[in-house]
Amino acid sequence: IAKTDLTESRQGESYKNYSCDIVRKVAGTHPSNRMDPMRNPALTIFLASLGWLCLTLHVTAQTITSVQPRTCQPGQTIQLVIQGTDLNDSLRLASSDKSMHWQVDKIEPTQATVALTLPEDAALGPLNLWLTTATGVVKQHTFFVDDLETVNDGGSNHSLETAQQLSTRSTVEGICDASVSDFYRFHATAGERIAVEVHAQQLRSAMDPVLRLLNAAGETLIQVDDSSVGPDCQFSYQFAEEGNYWLEIHDSRNSAGGALYQLRIGDFPIVNQCYPLAVRRGEKTLVAFTGPDGKRLPSREIEVPAEAQGSIHARARFDNGQSSSWAPLFCSRYPQFNETASTRPLTLPIGINGRLEQPAEVDSYLIRGVKGQVIRFAAKTRSLASPTLLRMQLFNAASAKIAETKVADTDEWSFDA
């Protein structure tokens with residue numbers, strides 16, 4: 001099996017990571033999407049909730065229109081305020097994190113309050129919540145677990161003069177105001193390094209954010225737009241002089257009024273990928289980070305729970321840092337092989353993790369097949385923050401090509417052989 005990348009390298013990128021599952025195909029089901037509900041606690045809870053709702057006889061015109069806030073620190077309890085109509089005690093909450101605890105404190109027809117508690121060791125990053133009612137209403141809410149102090153967008157910070165004051169350890173629950181910018185002001189000391197990043201994609205937001213850092217003279221110190229995998233952007237800056245500085249955020253198309261964004265300001269490292277991109281659940285794996293600050297971070301051992309499904313987020317933090325960032329890591333049920341100089345045949349099923357460091361580089365692996373079996377080759381890259389578009393080709397022992405991926409508009413490619 002030969003692997004290569006079809007994307008052009010962006011400035012500052014020296015390599016591109018990839019992961020690929022090679023497994024026996026089950027008829028009618030993509031292997032990477034197969035899931036046993038009874039082995040997935042979050043899904044089991046969610047399905048049980050829906051089953052309970054279907055048996056409920058009380059029917060009203062229930063709706064859920066909004067859920068606030070969307071950020072919580074590990075070890076804290078927050079009051080989740082749910083707005084809607086005809087809300088009652090049929091309200092239920094399910095999560096992809098079984099360690100989260102929730103309790104309904106108060107329910108009125110138009111508003112409910114839920115006490116949400118996170119454990120001290122809660123993983124940082126976005127988390128999916130589902131809220132359900134007796135009439136089958138299901139609302140998904142993206143929730144950020146963060147070690148920064150939560151701040152709400154003031155809503156009137158649309159100029160340098162009206163900029164909202166922030167500390168340099170803040171995460172802002174922001175709302176885009178279409179054709180106008182939001183401005184934030186903070187104080188930095190000489191020699192201080194500050195990192196900034198904005199999340200919109202994970203909120204399913206229509207906003208395409210642009211970030212700009214300005215000094216007291218109104219001069220632009222740095223401006224960033226899209227990353228290599230989407231509209232979200234990030235940067236770090238070391239300040240030569242002490243003083244007040246301004247951060248501007250706006251939608252590049254000036255059209256995303258009401259769209260959400262999560263703005264983070266701290267001393268966290270700027271990272272974008274893990275290596276390897278995938279680990280086997282139930283095992284300990286040494287994981288490194290890539291990105292502008294990746295080389296400044298030591299590799300860390302991560303133990304993935306045996307019941308983990310889909311992706312988790314690996315926490316990245318400097319040894320003397322006060323805040324963290326994170327990068328996605330896929331939890332596979334298959335043994336994982338990380339790229340080496342070894343040419344030994346690989347036995348299926350297996351996941352392969354590799355890295356393309358040079359333009360037009362091709363990685364090759366020897367795999368052992370069984371006559372009559374249909375095998376699926378499925379890449380995982382852009383869903384794990386890698387910009388790679390992985391092209392794969394399968395050759396037999398006589399070097400004749402048997403199958404290959406087809407170039408498509410999708411972010412990740414696969415083929416059967």
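**Ground rules**

I am working with a predicted model, in which local features need pLDDT of at least 70 and side-chain atom pairs count only at pLDDT 80 or more, while totals for chains, interfaces and linings use all residues. Residues are numbered from 1 along each chain as its sequence is written, and side-chain values use heavy atoms, with hydrogens and water left out.

**Confidence**

I checked pLDDT first (the predictor's confidence in each residue, from 0 to 100). The protein's mean is 88, and 89% of its residues reach 70 or more. Residues 29–59 are a stretch to treat with care, with pLDDT below 50. In the model this stretch still has 47 contacts beyond near neighbours in sequence, a contact being heavy atoms within 4.5 Å. I made a note to myself: where pLDDT is low, the predicted coordinates should not be read in detail.

**Cores**

Next I looked for nonpolar cores, meaning sets of buried Ala, Val, Leu, Ile, Met, Phe, Trp, Tyr and Cys residues joined through side-chain atoms within 4.5 Å. My scale for burial is relative accessible area: buried is under 20%, exposed is over 50%, and partly exposed is in between (1.4 Å probe, protein chains only). The largest core has 25 residues, and Phe186, Val196, Leu211 and Leu263 have the most contacts inside it.

Which strands supply at least two residues each of this core? I found β14 (182–188), β15 (193–199), β16 (209–214), β18 (233–238), β19 (243–251) and β20. Strand names here follow DSSP runs numbered from the N terminus (strands are E, at least two residues; helices are H or I, at least four).

A second, separate core of 24 residues includes Leu80, Ala112, Leu129 and Phe143.

**Salt bridges**

I searched the whole structure for salt bridges and got 17. The cut-off is a side-chain nitrogen of Lys or Arg within 4 Å of a carboxyl oxygen of Asp or Glu. The general idea is that side chains of opposite charge can pair when their charged atoms come close.

The side chains of Lys98 and Glu307 meet at 3.1 Å, N to O. Lys98 sits in the loop between β6 (92–95) and β7 (101–108) and Glu307 in the loop between β24 (300–303) and β25 (311–316), so this pair ties together parts 209 residues apart in sequence. Lys98 counts as exposed because its relative accessibility is 55%, while Glu307, at 32%, counts as partly exposed.

Asp147 and Arg264 form another salt bridge, with 3.8 Å between the closest N and O atoms. Asp147 is in the loop between β10 (138–145) and β11 (149–152), and Arg264 is in strand β20 (residues 260–266), so I logged this as a link between distant parts of the chain, 117 residues apart. Are these two residues buried or exposed? Both Asp147 and Arg264 are buried.

Glu404 pairs with Arg391, and their closest N and O atoms are 3.3 Å apart. Glu404 belongs to strand β34 (residues 401–404) and Arg391 to strand β33 (residues 390–395), so the parts tied together here are 13 residues apart in sequence. Glu404 is partly exposed at 28% relative accessibility, and Arg391 is partly exposed at 29%.

One network also turned up: salt bridges that share partners join Asp146, Asp147, Glu197, Arg264 and Arg315.

**Cysteines**

How many disulfides does a search of the whole structure find? I got zero, taking a disulfide as a pair of cysteine sulfur atoms within 2.5 Å. I looked at two cysteines anyway. Cys20 is buried at 0% relative accessibility, and Cys72 is buried at 1%.

The peptide bond from Gln68 to Pro69 is cis, with omega near -5°, and Pro69 lies in the loop between β3 (63–68) and β4 (71–72). Another cis bond runs from Leu348 to Pro349, with omega near 0°. Pro349 is in the loop between β28 (346–347) and β29 (350–356).

I also noted positive phi values. Asn254 is not a glycine, yet its phi is about 55°. This residue is in the loop between β19 and β20, and at 42% relative accessibility Asn254 counts as partly exposed. Ser399 has a phi near 70°, positive again in a residue other than glycine. Ser399 is in the loop between β33 and β34 and counts as exposed, at 57% relative accessibility.
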